[in-house]
Amino acid sequence: MKNIPSKAKIKTSYESYKEYFADIINNIIENLQNNIQLSTRPTYKSRVKSFESYYKKILRLKPQEASTTESFVYITDMMGIRMICAFLEDINIAVEQIKKNFDVVEVEVKGADKKFSEFGYESTHVLIKIPESCKPQADKYADLPQITDDIVCEIQIRTILQDAWAEVEHELIYKTEFNPFDLPLRRKLASINASLTLADITFQEIRDYQTKLQQEIANRRHSFYSMADTLLDDKPTETVKDKGGSTTSFVKGTIDEMLLQAIQAHNEGELDRAAVIYSAILDALTEKDKVVNAVIRKHRGMAYFSMNKFDLAVEDFTISIECDPKAFRTYYYRGIVYSIQKLYDKAIEDFSTSLSINNFQSHTYLRRAMAYYEIQEYEKSMNDLDSAINLGMKPEEYKSLQEKLVKKFGMNM
């Protein structure tokens, strides 16, 4: 190759720049850690290209494909960072966030053109320019000849499984320049590739289901609390009626699918239909399915609560607690129903049990404070209100009780 110095001189130059590139990589990783927000925290691997790999590559390059100083040839994959994510969805999210934080030269999906029967695995590569903020302090490398052209860093974004495959593939195939001709062996490699791809897709499907389910549960819980506030504040209410949907609708699917259908129906006001689906799930369970039974009974109890069927709600919450005695939220839900039924001693007992399991519950302290107030235990009510406030409860949530206690004690708070 023309204009390339001796190997010894190239190695000397390489060694002088190695620490410089390592500093840049560390600065970029710090930037990524501060600015890339995914569903789970990604892990990072990095490397400055080894000299032997570097030297082999520059021998293959044409002069115009490399940036140079007098003795140094810079190549685009000199610096490499690998961002390892948990889920497939994180890859696209990471790419978009990198675009917002760096000047992106190129985005390429490696392996996307491979046939399903071929081994190999996808990896998304993002080539970025090095921002000034990520370059080392000038005085640290003042004697180092500057690379005149814009230098770049390659960020490879992969899932955990993609990274596992890449590591093994690198050892078995790339490093040994091995390309199997034996058909059974090629099939085995293709099978592993397909299994890993399917596993990534399955993990993402589970993640999507969890995200949707958690959102629906959050919506249903908010609805439950709103109704409880209305009833406990003695505001006029009417029996909640089903807004639609047949109670005889044909219900099918896995327990997970049916649970999501039921919670969605619940959130959409189709309470009778939600109760039917919950009941269908319970009918399919055995006595050994205590954990699932506890969850479904809790959900159906909340549906019955929304229908003002308080006795049925208490019955479901009670069975749920029997199946899972550590379910602090279920004690809390039953305590709310007891409060509405003006069974304050039972409510206080449930709230106390809930707090004995998890004492970081501001709303449970508030509900117990309200129950204590109703049975004229004002000092205990005040103590619980203080606990709720200390845990960060918003003023608008406790203001009403606070004003009542001020009047009782005849003092300013």
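The model is predicted: local features need pLDDT of at least 70, side-chain atom pairs count only at pLDDT 80 or more, and totals for chains, interfaces and linings use all residues. Residues are numbered from 1 along each chain as its sequence is written, and side-chain values use heavy atoms, with hydrogens and water left out. Helices (H or I, at least four residues) and strands (E, at least two) are DSSP runs, numbered from the N terminus.

**Strand β7: burial**
- Strand β7 covers residues 152-159, and eight of the eight are buried, so the rest of the structure largely encloses it.
- Buried means under 20% relative accessible area, exposed over 50%, and partly exposed in between (1.4 Å probe, protein chains only).
- V152, E154, Q156 and R158 point one way from β7, while C153, I155, I157 and T159 point the other way.

**Strand β7: neighbours**
- Two strands pair if DSSP finds at least two bridges between them.
- Strand β4 (residues 79-85) runs parallel to β7, joined by six bridges.
- M83 has I157 of β7 as its bridge partner.
- Strand β6 (residues 123-129) runs antiparallel to β7, also with six bridges.
- K129 sits opposite V152 of β7.

**Helix α9**
- Helix α9 has 14 residues (310-323) and should span 20 Å at 1.5 Å a residue, which agrees with its end C-alpha atoms being 20 Å apart.
- The expected span is 1.5 Å times one less than the number of residues.
- F310, A313, V314, D316, F317, S320 and I321 are the buried residues of α9.
- They cover an arc of only 165° around the axis, which puts them on the same side of α9.
- That arc is taken from the directions from the helix axis to the C-beta atoms.
- Exposed D311 and E322 lie on the face of α9 turned away from its buried side.
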